[in-house]
Amino acid sequence: MSLLVDIFSVVMISAGAFFFLAGSIGMLRFPTVLCRLHALTKADNLGLGFIALGVMPLVEWPFGPLKLALIWALVMLSSASVSQLIAISLRKQGRKGP
Amino acid sequence: MNGFLLVAAGFIVLTVALGLVRIFRGSEDADRMMAIQLLGTGGIAVMLVLAGAGAGTPALDVALTLSLLTAFASVAFVKNSGKPPSDSDR
């Protein structure tokens, strides 16, 4: 049982780290600003989500997983709002297309 | 397990630092803000992994604070980006 939990944590945290790597490489290599914004939100949501899921078995029971779920929800909401705000500010500066 | 967690935390920090190169090469201001946002989220991820590695629930409180600060920094950038440059910048 403990070995299964450990394997679950290792797999989830590795997936999260992979998505962070994908987001960073996307930030460096994508051609336009809005594409890079897309890569950033993937790293934010998926990377952090997998890491939060993987750390849940490792923290103490009543408040640890609850705080992890709340942190993930807060980061999802704020990164969604911020990406829309950045896109709106780019639009106001005159960019019409991607 | 702890060894793997510490290696994962170091890997995330290096990955996010790689994304900071966009601050130099960025074509617009929004690029630079997005790199800082990635740094903030990477910091949150590192705090979560360290909470699992033994720091416990106080590290989760630090991650929560960092997420609020990252959100406010991004909103401040967007609020400021619409204004024309002021005279004191010259």
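How much area do chain B and chain A bury between them? About 3600 Å², with 77% of it on carbon and sulfur atoms. Buried area here is the accessible area (1.4 Å probe) that two parts lose on being put together, summed over both.

This is a predicted model, where local features need pLDDT of at least 70, side-chain atom pairs count only at pLDDT 80 or more, and totals for chains, interfaces and linings use all residues. Residues are numbered from 1 along each chain as its sequence is written, chains are lettered from A and ligands numbered from 1 in the order in which they are written, and side-chain values use heavy atoms, with hydrogens and water left out.

**Stop 1: the interface.** Show both chains. The contact (heavy atoms within 4.5 Å) takes 41 residues from chain A and 41 residues from chain B. Now select B:R22, B:M34 and B:L48. These supply 16% of the area that chain B buries against chain A, more than any other three residues.

**Stop 2: a salt bridge.** Two salt bridges are counted between chain B and chain A. The term covers a side-chain nitrogen of Lys or Arg within 4 Å of a carboxyl oxygen of Asp or Glu. Select A:K67 and B:D61. They form a salt bridge, with the closest N and O atoms 2.6 Å apart.

**Stop 3: helix α3 of chain A.** Select residues 64-92 of chain A, which make up α3. Helices are DSSP runs (H or I, at least four residues), numbered from the N terminus. The expected span is 1.5 Å times one less than the number of residues. For the 29 residues of α3(A) that gives 42 Å, and the end C-alpha atoms are 42 Å apart, so the two agree. Buried residues (under 20% relative accessible area, 1.4 Å probe, protein chains only) in α3(A) include A:L68, A:I71, A:V75 and A:V82. The buried residues of α3(A) pack against α2 (33-55) of chain A, and against α3 (29-55) and α4 (57-81) of chain B. Just after α3(A), A:G94 takes a positive phi of about 115 degrees.

**Stop 4: A:V33.** Leaving out residues up to four places away in sequence, A:V33 touches residues of both chains, among them A:L90, A:R95, B:A30 and B:M34. The C-alpha atoms of A:V33 and A:L90 are separated by 8.9 Å, although the two are 57 residues apart along the chain.

Methods. Helix = DSSP H or I, 4+ residues; strand = E, 2+ residues; numbered from the N terminus. Buried < 20%, exposed > 50% of the residue type's maximum accessible area, 1.4 Å probe, protein only.
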